[in-house]
Number of protein chains: 2
Amino acid sequence: MATAATPKTAAPKTAGATDSRQRFIDVALRLFTQHSFAGTSLQMIADELGVTKAAVYHHFHTREELLNAVVEPVLEQLRAIVDAAEGQRTVHARAEHMLTGYADLAVRNRALISVLAADRGVIEILRAQVDLGTLINRQVKLLADVDPGPAGLVKAALVFAGIAGAVGPALVELDDKALNQHLTEAGRRTLGLRTPRRPTPGTPRP
Amino acid sequence: MATAATPKTAAPKTAGATDSRQRFIDVALRLFTQHSFAGTSLQMIADELGVTKAAVYHHFHTREELLNAVVEPVLEQLRAIVDAAEGQRTVHARAEHMLTGYADLAVRNRALISVLAADRGVIEILRAQVDLGTLINRQVKLLADVDPGPAGLVKAALVFAGIAGAVGPALVELDDKALNQHLTEAGRRTLGLRTPRRPTPGTPRP
């Protein structure tokens, strides 16, 4: 069975410690995408890196702590996109900013977005631990306000879930630039947004 | 720890045996949606029903067997929809049939579709065990052929992943009829399909 945890010692925050922390995060994300969050143990992460479980415990005491470390950088970017979108002047500009920002974020973080969006266990934990529920509601509202009512809400849900699913493995094999462009255009069609004359930064020209 | 498995005995196929088999399937689906497939053990299913693990083993020897029993009825319906869609005369009629059939199936099987579409562990197992990979490719092609090339492929992926995600919990709270109608209309917009004059069977009138 599992190695017993060693008592935690305060590690100096050296470059080496940061590197090894990041290695755990990278391996955790890879295993989460392969086996789902519930199917990944700290022991599996230790085995993958060829270290003891105690070495993992040195940085992360629970899988939930590790999950937070994995998702926090992307949630931070998502919060910034939502904030900036809410600051736009018109309903259409707010939706356009949210859509292009989300497509760009999703494409740049394919593995993580598909874990975030698809893994039920992950969503439940993040809803409890961070402001994910509020953030998702704000996101959906930014797109749904283009067409107030249930039809608009369903279009917003379809676009968000669709982008998160389409960046996942197996469905579409395109490079980031092409995938971003096509997702943004598909999202605009669904929502009824006009393609801006000047491409939004981050959206490649056709 | 777990109870040891009893040797399998051939059970008479009585109504009682079928009922208890169905109870396992119902509870398994509920636990899969709550905890993901990887996060659900046969022991948890036994505990939920107040029976021994041996009683679960009587019907299902592995979680994978139970998963197949859970998804097979819906996969059967999906195959029938794909077959019928491929039999339509035009590209647009094929896409329309696939879209309305999938939206209807997804709405009637919300819990299962979100497990099927979202749980990475489930998808990997089903790809290996059944013809899910082929079925998904046929599904995607039926929608993607409306606009040949990468843009059409991305629109198809967005619609399928979007419908599967939008029927899941938490995003949209609508009754089946309204959700089906709005998903179908959103899908048509994304794909560039005209709303048929006579509603397709299964698609409620606006």
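This is a predicted model: local features need pLDDT of at least 70, side-chain atom pairs count only at pLDDT 80 or more; totals for chains, interfaces and linings use all residues.
Are A:Phe24 and A:Phe60 buried or exposed? A:Phe24 is buried, and A:Phe60 is buried as well, where buried means under 20% relative accessible area, exposed over 50% and partly exposed in between, with a 1.4 Å probe and protein chains only.

Residues are numbered from 1 along each chain as its sequence is written, chains are lettered from A and ligands numbered from 1 in the order in which they are written, and side-chain values use heavy atoms, with hydrogens and water left out.

Over all chains there are six aromatic pairs, counted when the ring centres of Phe, Tyr or Trp (its six-membered ring) lie within 6.5 Å, with planes under 30 degrees apart taken as stacked, over 60 as edge-to-face and the rest as tilted. One of them joins A:Phe24 and A:Phe60 edge-to-face, at 6.5 Å centre to centre and 90° between the planes. A:Phe24 sits in helix H1 (residues 15–35) of chain A, and A:Phe60, 36 residues apart from it, in the loop between helices H3 (53–59) and H4 (63–86); helices here are DSSP runs of H or I, at least four residues, numbered from the N terminus.

A:Phe32 and A:Phe37 also pair edge-to-face, at 5.1 Å and 75°, and both are buried. A:Arg63 lies over the face of A:Phe37, 4.4 Å from the ring centre, the criterion being NZ of Lys or CZ of Arg within 6 Å of the centre and within 35 degrees of the ring normal. In chain B, B:Arg63 lies over the face of B:Phe37, at 4.3 Å.

Notes:
Helices (H or I, at least four residues) and strands (E, at least two) are DSSP runs, numbered from the N terminus.
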